[in-house]
Amino acid sequence: MEERYEHKTQARIQDVVRIYELCLLTTEPMIRGPKFMVRLRSHTVFENSSIKLFCTVEGFPMPVVKCIRLFKVVRVTAALFPSLSHSPFLPFYNISAAMLPQIQYTKIHITFLDKFGPVFATEGQSATLTATMTLNPNLANLQPEAQWYRDDTRLFDSKWVKIHTGRGVTTLTIPNLFKDDEGLYKIRLVTKGGTAEHSAFVSVSDGPPPVPGAPGAPMDIKIHDANRDYVIVSWKPPNTTTEGPILGYFVDKCEVGTENWTQCNDHPIKICKYPVSGLFEGHAYYFRVRAVNSHGISKASRMSDPIAALDPTEFENLHGGFNCICIEKSEGKPPGAASGIHASEIDRTYVVLSWRAPAYFSKAPMWYYIEKVTCGAWQRVNTQVPIRSPRYAVFDLSEGKQYKFRIFAANIYGASEPSEPTGPIETLQLKGVPSAPGQVISTRETNTSVLIQWAPPKEPNQLIGYYIDQCVKGSKDWTSANHKPHKDTKFVVSGLTTGETYVFRVQAINELGLSDESQESAPLTVKAALTPPSAPYDIALLNCDGHSMVLNWKKPLHSGGANIKEYYVDKRRSGTTMWREVHIPPVTERLYKVEGLTEGAVYQFQVYAANLAGLGPAAKPSADLSCEAWTMPEPGPAYDLTFSEVRDKSLLVEWQKPVYTGSGAVTGYHVEYAKKGTSEWTTANETAVSHRFLKVTSLEAGASYTFRVRAVNAAGVGMASMASDPVTAKAVEGTLYSQTVSCVVDEKSGDIVLSFESCQITEGSQFIWKKDYKEMTDFSHGVVIKTEGSHSKLIFKNAEKEDFGTYSVSVTNTEGVSSSYTISAEELAKMLELSYDIRHPIIPLKSELAYKILERGRMRFWLQAEEISSNVTYKFFPNKMSHDVSTGIIEFIMDHFTEENEGTFTCQITDGGGKGQSSLVLIGDVFHWYKEDTEIIPDVKPDLGSGVCKLPIKLVIEPTEKDKGKYSIVITNSENSHKRTLDLSGDVYEKAFAEFQKLKYEYYFKFVVGGLPDVVTIMEKKTLSLTCTVCGEPKPQVSWLKNGADVELDDQYVVSLDQGKFASLTIKGVSMENSGRYTMIVQNKYGGESVDIVVSVTAVYHK
């Protein structure tokens, strides 16, 4: 492969230099390709006239020039300045130049050093795309050509795009972004030997609207069929993911050289195409479009390129168009009939007609007339504007209707016969927006992009493109993935968040607007697509017995985004080309014993790795390995060197023990290291270590080292392992905390927890915990590993004294993130004590057990804990216990407290693993009364159960002045005392005396009336006795009423008042006349009360 692109030999270069000197070319390149300095021009001539075609070419060596007419070579009269003459009429000539001799150009290899990535910008901003490259070889006269593309359309330097290339850097700058600038940008570097490409997507979202809720600006303004008095303007609608539907569009025009924009249509048009008429012939115009919805009008689109209102024939002449017309000299006749009339474009309200010009026999100007017909007579279309070009748009047609057209050619001498009419041409009928696209499928692309594919709509209805929307799963916040219609049915959505889950939907677009949304795609988590793994490498021989070999190899550097599932091993005899697979099925470990070998033969091996995406490339063939039995007494090589806890000046090396142990068991290991690129090996440990790991210190920060390991047995030091890949002594970027394992005792559970937070994490990362650098696999003793995101914990539920040691953790699929923590026996003992205290805690109390005397002789005992749960239990009294979890209060109510209850009260609390206790002593006299510092001994002992201690003051009738003074009560217990004082004088005495008068009045006014029913029913001839109890001071008087009148006492009615409190009314031999409402009135000088009783007497019936 490399031989096909080798550079020129030194001799060839010297030859070229010699030619260069002979030609005296001091500033120009040695070799120049053919180039037209002056190109051929188009000509229109009369028949039988002579014509000379001139062109100028240059190049070195001298080019060979050929003139081609109708694909046949014509003789050229000169080489450097050819002058061509030929007759008759020349329908077409093509001049080509070729180099002699043919040169094999140097293959230039282009390597991108810095590539531009996806850009996400907003309208009005600027964007710069830069690519930096190196060339090999870098020849000044063979620099690559930088070609920039947007959506496969070549871009050139203009007022919209600025391109600069030089000195290994090419830059494209968009100074003022519009949505028209959105697309896939590609840089293509073209050399004589090939190309190099790179591409990335540029997203341009809508800028802030002039009015909140207004739509985004239309885009991609195009001008079609420009003529002397009209143009047709088309555009693409904006996406309306979050805005309301578009109601229509306004088209604006501006004459070149002015800044006066005028609106072309009075009312919004609903389709994305509009014919603008009323232009001035020969004037040039810009056009732009604005969208309208219910909220307002959008910003204007990017203005179109300038377009002149000219006849197409004149426009082609101005722009160098080639138009060959065969003309015969003839005057005074009208032209012949046009032919080949057809519709080159059909829309809803207009048709663009094209035809072939007739054979014309006069120098007089010729023009055309168009007629149309539906079902009646022919009608002239262009009555005021003569048509000079064989192309014209007929407007004001009816939608969905059939027409026929014919053409008349005319000059000053008259009109031709009409052309053959066209067949029926039916204008388009408005069918509405496209139907919704079909199923949307999303697939993984990279860790920040997703490939979206969908089925096209069943009813495209002149489809323009598609808009794609994206949304995070579970939310309704839809955003636009593209802001310019996409033509294909697949699209790469960029700028997504790695690990986030998205759903997608698609809308189709035509001139009328947007279709309904498609169904949402299935949720997809953003992550890189799977690829086959890279090749394994460094195949090593670990043992040989003369008939088999034990091989080991290093795993691929790139797994392809999935775990490597299996390996395939091939072998061949050294010197042969045929590889043979040595095992079926494939192996899963990187250690394999190849059997069935020939003793003394020399073999080579290669290994493939495979994952879910497929089989990767083969490893580089191993060195020649001779199948001869190992008999040396020293151990064979160790293998699988791995590194962790890489810091600026230290790292930890781990390895696997040798497969071949020699004449005795392996007793230790030596680790050696050398700086990258040197062969000076240094032994890290002079004394062999018995374990299979070693922390190497005193390294140079930032330096790269390779390592190897030698095993030791009684016979001596064995073979060195294969050297490791270079490792740089530099800590992984991240905070100090993220590289340290912390060890704490959980304050709630009492578990011993080793915790590690990684500064790097990927989707496939795993935390590997080890004890003494051996992976932990036994979790039967309450050891649990919990991992959430970038945080992993090793938890000891039931730690034991034997659990001390070094615990390490490493994170896979990172740049070597790892750390360790050593738990000593002393530290473990302290943590076990702390764990016990946490699991058997004493419940802290905010307040100890206390009491409060309530009403009616009840006693409230209570205490308050710092915190309790709903599962709290306690022991005190079995009646009326309660607790409040929010406040931590536990209380007990005793219905009646007496002297017999005196003593020590204790409350025991149990809450989970915690316990608490509080005691209260209630013994001895606690109440003492004083008046003016003189103790008063009450006649009645305090009743602790009542909650109130009273001091009775003996009074004859009413309080007197001598009862005024200061009264005090002292409440004491074994620890402290409380004193309360009342000054019974002044306003306090007056208020108390007033209260006395009130209570006295209420007491003497009060009557207790009871024992009388509301209704009494009794049979005739029975005796009725109405009796109730009354009381009052002084003794009340009792009177009786019947139906509001006093009861007249006689032999039938008898009233009595026994012992001053039992009042009764007796009715003997009751009859129907005794029925009625009876009222008893009780009164004394302070007031009275009354009670009503309804008496009903029923008759006695006899059989």
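My entries on salt bridges and then a pocket follow.

This is a predicted model, so I kept to its limits: local features need pLDDT of at least 70, side-chain atom pairs count only at pLDDT 80 or more, and totals for chains, interfaces and linings use all residues. Numbering runs from 1 along each chain as its sequence is written, and side-chain values use heavy atoms, with hydrogens and water left out.

Salt bridges. I took a side-chain nitrogen of Lys or Arg within 4 Å of a carboxyl oxygen of Asp or Glu, and the count came to 30. I looked up R288 and D252, which meet at 3.1 Å, N to O. R288 sits in strand β22 and D252 in strand β19, 36 residues apart; strands here are DSSP E runs of at least two residues, numbered from the N terminus. For burial I used relative accessible area: buried is under 20%, exposed over 50%, partly exposed in between (1.4 Å probe, protein chains only). D252 is buried at 2%, while R288 is partly exposed at 22%.

Next I checked K554 and D725, a salt bridge at 3.4 Å, N to O. K554 lies in β41 and D725 in the loop between β54 and β55, so the pair ties together parts 171 residues apart in sequence.

Pocket. Which strand gives the most to the lining of the second largest pocket? I found β17, with four residues.
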